[in-house]
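Student: I'm new to this one. Could you take me through it bit by bit?

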Amino acid sequence: MKVANRFTGPLERAGDCCWRIPKSYKEGMRVDGLIYADDKLIELIRQDPAPEQVANVAFLPGIQTASLAMPDIHWGYGFCIGGVCATDPQEDGVISPGGVGYDINCGVRLLRSELEFDDVAPHMKQLVENLFQRVPTGTGRGGKYRFDRDQLRELMGDGPRFLARRDLATERDIEFTEAHGCLDGAQPDYVSERALDRGYDQCGTLGSGNHFLEVQVVDQVFDRQAADVMGLDERMVCVMIHSGSRGLGYQVCDDALRLLRGAPAKYGIQLPDRQLACAPIESPEGEHYLGAMRAAANFAWCNRQLLMWQAREVFEATLGRPWGEMGMELVYDVAHNIAKCERHRVGEREKEVWVHRKGATRAFPPGHEELPEAYHEIGQPVLIPGDMGRASWVLVGQPGSMNESFGSACHGAGRVMSRTAAVKHARGRRIDDELATRGVVARARSWKGLAEEQPDAYKNVDLVVDVVHNAGLAKKVARLRPIGVIKG
């Protein structure tokens with residue numbers, strides 16, 4: 001399918017922070033498209049073809065209310081990155097791997113500490129070097145944790161509880177992970193031999209691309225109550241980890257797309273883009289994908305758990321103190337490439353729908369039954385990483401997310417430059433030296449890895465966060481400034 005360089009269709013204002021693509025734009029759209037953005041961001045979004053994907057998703061059978069996109073929207077496979085869609089299995093609703101993505105359960109976890117910036121600053125270069133040497137990074141790179149097929153299947157069935165039995169996770173770690181790190185209904189036997197081959201040594205590895213492990217300092221607190229509940233304070237050192245299901249999850253998605261290639265024709269589904277390949281949720285093809293996707297999601301939670309465990313070990317070795325003594329506890333872990341069955345109000349009644357979040361983060365409000373007890377009064381922590389030269393954010397979910405976006409918010413800053421364009425833009429420059437002038441120590445496997453992820457390649461995350469805050473989807477709690485980062 002030929003793709004235009006920019007979106008030329010209609011974008012109608014639907015609120016201070018929302019724009020509508022009316023379903024009259026294309027014959028076959030079942031609902032409107034809605035994009036969350038302010039006046040400044042919408043001009044950037046018009047320069048991207050991703051809104052066309054928002055319109056295309058509106059063709060999916062069983063879609064509820066609207067095809068949604070967050071302010072970090074940019075072009076992806078099938079769905080835009082930043083896309084949200086809910087489908088109802090009672091209305092012939094479908095599941096689409098393009099609405100989850102290749103990196104199943106790519107997500108973010110935030111680790112706090114009782115260290116302050118002055119405690120860590122004299123050790124930063126050595127700390128980053130030690131993290132780079134001991135935490136595996138880069139494309140296809142394996143690590144020290146290796147699991148045979150039977151162990152992998154057990155891990156994908158149980159999530160981090162498998163690691164807890166090996167003293168690699170605590171009960172608190174599990175409690176503060178979304179869904180306790182385990183989706184019910186995982187079917188590890190649906191995961192192919194090729195996927196198992198790719199995953200046997202990749203649990204506990206960072207990968208490449210936009211994945212990172214970042215040492216940060218709390219720069220500013222906006223909501224003192226919520227920050228106190230999460231144990232965050234100004235000048236506090238934190239660690240943010242962004243990674244997913246690695247080669248195993250990629251292969252699960254690839255296998256599913258091959259399986260579903262003929263499903264739309266089989267079930268009489270008309271689609272404007274073959275990348276939206278899908279099947280009814282309650283079909284054999286749909287159930288097979290969901291079983292394998294859940295298994296890969298559980299693998300991803302174990303991956304981030306082991307990455308955190310290794311980060312704790314490096315802090316211990318570098319600073320000479322046990323991680324427990326340094327208060328290195330998990331604040332929360334959120335998924336942002338996943339599909340989950342959730343209960344939401346649609347119109348006048350509540351119903352169970354399948355929420356696809358492709359580069360979007362769950363943002364449940366105070367009192368939601370799925371939150372850890374400690375967060376019931378403040379809402380779910382929402383972790384939004386930015387680029388490695390500016391900032392990342394902690395927010396909490398608000399009631400508006402349940403009313404407007406099926407309990408969702410954005411997942412990051414969002415690219416404004418392709419990787420190819422970013423490399424071209426970086427020619428003749430040393431991105432690591434530029435980051436050093438901003439007070440950030442950076443290590444990566446290659447010059448290209450840093451060039452692709454340079455700050456200029458991303459929207460300003462502060463502007464993106466302003467939109468979800470002003471739209472009532474999530475509320476600002478704290479801004480975190482990077483001081484050290486490792487990448488693939």
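**A first look around**

Student: I've found T65 in the loop between α2 (50–57) and β4 (66–74). Is T65 buried or exposed?

Tutor: First, a heads-up: this is a predicted model, where local features need pLDDT of at least 70, side-chain atom pairs count only at pLDDT 80 or more, and totals for chains, interfaces and linings use all residues. Buried means under 20% relative accessible area, exposed over 50% and partly exposed in between, with a 1.4 Å probe and protein chains only, so T65, at 54%, is exposed.

Student: What does T65 touch beyond its sequence neighbours?

Tutor: Contact here means heavy atoms within 4.5 Å. Once we set aside everything within four places in sequence, T65 has contacts with V31, V346 and F406.

Student: T65 has a positive phi although it isn't a glycine. What are the values for T65 and D167?

Tutor: D167 has a positive phi too, and isn't a glycine either. You'll find D167 in the loop between α6 (160–164) and α7 (171–175), and at 63% relative accessibility it counts as exposed. The phi values are about 65 degrees for T65 and near 60 degrees for D167.

Student: Let's go to strand β9 (residues 237–243), where S243 is. Which residues does S243 touch?

Tutor: S243 has a relative accessible area of 0%, so it's buried. Not counting residues up to four places away in sequence, the residues S243 touches are N105, C106, G107, T205, L206, H211, N303, R304 and L307.

Student: Now the helices. At what angle do α4 (residues 124–134) and α12 (residues 284–319) pack?

Tutor: Axes are lines fitted to C-alpha atoms, for helices over the stretch in contact, and angles run from 0 to 180 degrees between N-to-C directions. Angles under 35 degrees count as roughly parallel, over 145 as roughly antiparallel, 65 to 115 as roughly perpendicular and the rest as oblique. This pair is therefore oblique, with axes 10 Å apart and an angle of about 135 degrees.

Student: How do the residues of the contact of α5 (residues 149–158) with α12 divide by class?

Tutor: The two axes come within 7 Å and cross at roughly 90 degrees, which means α5 is roughly perpendicular to α12. L152, L155, M156 and G157 of α5 meet A295, N298, F299 and C302 of α12. Ala, Val, Leu, Ile, Met, Phe, Trp, Tyr, Cys and Pro count as nonpolar, Asp, Glu, Lys and Arg as charged, and the others, Gly among them, as polar. That gives six nonpolar, two polar and no charged.

Student: Last one: how many disulfides does the structure hold?

Tutor: A disulfide is a pair of cysteine sulfur atoms within 2.5 Å. For C182, the nearest cysteine sulfur is that of C302, 8.3 Å away. For C278, which is buried at 0% relative accessibility, the nearest is that of C85, 9.7 Å away. The number of disulfides in the structure is zero.

Notes: Residues are numbered from 1 along each chain as its sequence is written. Side-chain values use heavy atoms; hydrogens and water are left out. Helices (H or I, at least four residues) and strands (E, at least two) are DSSP runs, numbered from the N terminus.
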